[in-house]
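Please open the structure in your viewer and keep the selection tool at hand.

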Amino acid sequence: MSQNPPDLRPDLAPRAVLPTDARPGQPRIGMVSLGCPKALVDSERILTRLRAEGYAISPDYAGAEAVIVNTCGFLDSAKAESLDAIGEALRENGRVIVTGCLGAEPEYITGAHPKVLAVTGPHQYEQVLDAVHQAVPPAPDPFVDLLPASGVSLTPRHFSYLKIAEGCNHKCKFCIIPDMRGRLVSRPQKAVLREAEKLVEAGVRELLVISQDTSAYGTDWKDRSKAAGQEIVELSRGLGALGAWVRLHYVYPYPFVRDLVPLMAEGLVLPYLDVPFQHAHPDTLRRMARPAAAEKTLDRIAEWRDICPDIALRSTFIVGYPGETEAEFETLLDWLDEAQLDRVGAFQYENVAGARSNTLPDHVPAEVKAERFERFMEKAQAISAAKLAAKVGTRQDVIVDAIDAEGATCRTKADAPEIDGNLFIDEGFDTLAPGDIVTVEVDEASEYDLWGRIV
């Protein structure tokens with residue numbers, strides 16, 4: 001059984017679980033999916049289209065006639081990781097098609113790897129398919145190649161990401177995602193609900209709702225008749241009626257988020273909010289070009305907890321942003337003390353090519369960033385340990401993620417896959433299976449994880 005803390009980078013999705021079934025003679029394509037859950041959904045859509053055209057999915061380089069690498073461009077370190085993955089695919093297979101966020105910079109990729117077959121940008125599904133067709137012509141058999149109604153999933157069968165929008169209207173100085181993925185484009189509510197229904201019918205027990213700015217869902221529609229924020233409330237209510245766990249990610253703390261919280265108190269949506277606060281000092285937030293009223297976020301947190309006392313709050317923060325003084329960083333630590341967030345991740349600021357923050361004055365030295373990161377995580381860990389210790393003796397509903405010889409690895413309603421903690425059951429787990437939801441009594445806690453027994 002694995003234990004936390006996991007890799008706390010906010011741009012990572014769970015490792016892709018590739019299907020391996022294929023008929024004799026069927027053309028096979030490999031997939032390397034890097035980056036965030038939104039990119040993982042793009043990979044699923046590409047593979048679903050390929051499966052519908054008669055391609056099989058290869059879980060290794062040797063069995064693939066070509067490999068698609070879905071890249072990440074969130075940080076310079078993520079770009080380097082993407083280039084490394086492309087290089088590995090070229091060495092191991094030789095026929096590589098590149099897509100994803102880093103594909104928005106084709107010269108950057110071809111400069112390092114001129115032998116790639118094609119480069120396409122994020123969510124350019126048709127161009128990816130065209131490149132695959134050229135590299136490996138399809139050979140469909142309509143009597144054999146049956147595609148599940150829910151499409152190809154790269155996550156375990158019992159949970160699935162549900163992307164409700166593309167793009168972002170924010171202009172944060174440290175981020176180039178809007179430049180790569182464009183402005184906010186929300187999917188029609190009927191299409192989202194139809195996809196969710198199919199997923200639940202296929203056995204999905206938990207829907208992880210994602211976008212670049214989930215709380216802004218629907219605000220881009222020109223024919224809007226509802227007040228701001230009511231589109232995401234209405235969608236969440238519809239998703240909650242399907243009977244699966246519904247978990248909301250990337251929810252910016254707009255005032256109307258308070259209208260979502262009653263759905264959590266009612267049990268329609270999990271009492272969990274993933275809110276990207278990024279920092280707490282108003283001057284730092286202004287330099288980030290983000291809302292600068294940190295004191296209002298504390299008021300909103302208190303309001304959310306008044307409505308739904310069991311709500312779990314997760315966030316990520318940037319440590320060492322250009323111009324961050326020791327006093328600003330201390331304000332962030334004090335804010336953490338007051339906010340008492342349940343789950344916290346952080347990363348040290350990195351320049352990203354094209355980001356406006358690169359030109360800001362007073363960049364923080366690497367050793368100072370590293371020291372502040374350690375202090376930040378020490379504070380967050382202490383808060384997490386105290387909150388989890390308070391759960392000892394309580395009863396929690398948990399979803400089972402995996403079973404091995406040592407026990408069952410589960411998650412409570414307060415834990416998203418990979419990025420949050422686990423609850424371990426080490427006795428009486430023989431009859432459990434992934435996707436089961438059971439009630440446990442918590443009997444032990446650590447800084448990030450819980451242990452319990454079935455009741």
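Two strands pair if DSSP finds at least two bridges between them. Helices (H or I, at least four residues) and strands (E, at least two) are DSSP runs, numbered from the N terminus. The model is predicted: local features need pLDDT of at least 70, side-chain atom pairs count only at pLDDT 80 or more, and totals for chains, interfaces and linings use all residues. Residues are numbered from 1 along each chain as its sequence is written, and side-chain values use heavy atoms, with hydrogens and water left out.

**First stop: the open sheet**

Select residues 28–33, strand β1, together with residues 66–71, strand β3; five bridges pair them in the parallel sense. Val32 has Val69 in β3 as its bridge partner. Now widen the selection to the whole open sheet, whose five strands follow the order β2-β1-β3-β4-β5 with parallel pairing. At its edges are β2 (56–58) and β5 (118–119), each of which pairs on one side only.

Residues 125–135 form helix α4, which lies across β1, β3, β4 and β5 and runs at about 175° to β4.

**Second stop: the aromatic cluster**

Select Phe277, Phe317, Trp335 and Phe376, which ring pairs link into a cluster. Rings of Phe, Tyr and Trp (its six-membered ring) pair if their centres lie within 6.5 Å; planes under 30 degrees apart count as stacked, over 60 as edge-to-face and the rest as tilted. In the whole structure, a search finds 10 aromatic pairs. One of them joins Phe317 and Trp335 edge-to-face, at 5.9 Å centre to centre and 65° between the planes. This pair links distant parts of the chain, with Phe317 in strand β12 (residues 312–319) and Trp335 in helix α11 (residues 326–339), 18 residues apart.

Are Phe317 and Trp335 buried or exposed? Both are buried, that is, under 20% relative accessible area, where exposed is over 50% and partly exposed in between (1.4 Å probe, protein chains only). Phe317 also forms a tilted pair with Phe376, at 5.4 Å and 55°. Here the link is between β12 and helix α12 (residues 366–389), 59 residues apart.

**Third stop: the nonpolar cores**

A nonpolar core is a set of buried Ala, Val, Leu, Ile, Met, Phe, Trp, Tyr and Cys residues joined through side-chain atoms within 4.5 Å. Select Trp335, Leu341 and Phe376, the residues with the most contacts inside the largest core, which has 54 residues. Its largest share, six residues, comes from α11. A second, separate core of 26 residues includes Leu40, Ile57, Val132 and Tyr161.

Display β14-β15-β16-β18-β17, a closed barrel of five strands with mixed pairing. Ala402 has Thr409 in β15 as its bridge partner.

**Last stop: Arg205**

Finally, select Arg205 in the loop between α6 (189–201) and β9 (206–210). Arg205 counts as partly exposed because its relative accessibility is 36%. Beyond its neighbours within four places in sequence, Arg205 is in contact with several residues, including His158, Trp245 and Asp436.

Methods:
Contact means heavy atoms within 4.5 Å. Axes are lines fitted to C-alpha atoms, for helices over the stretch in contact, and angles run from 0 to 180 degrees between N-to-C directions.
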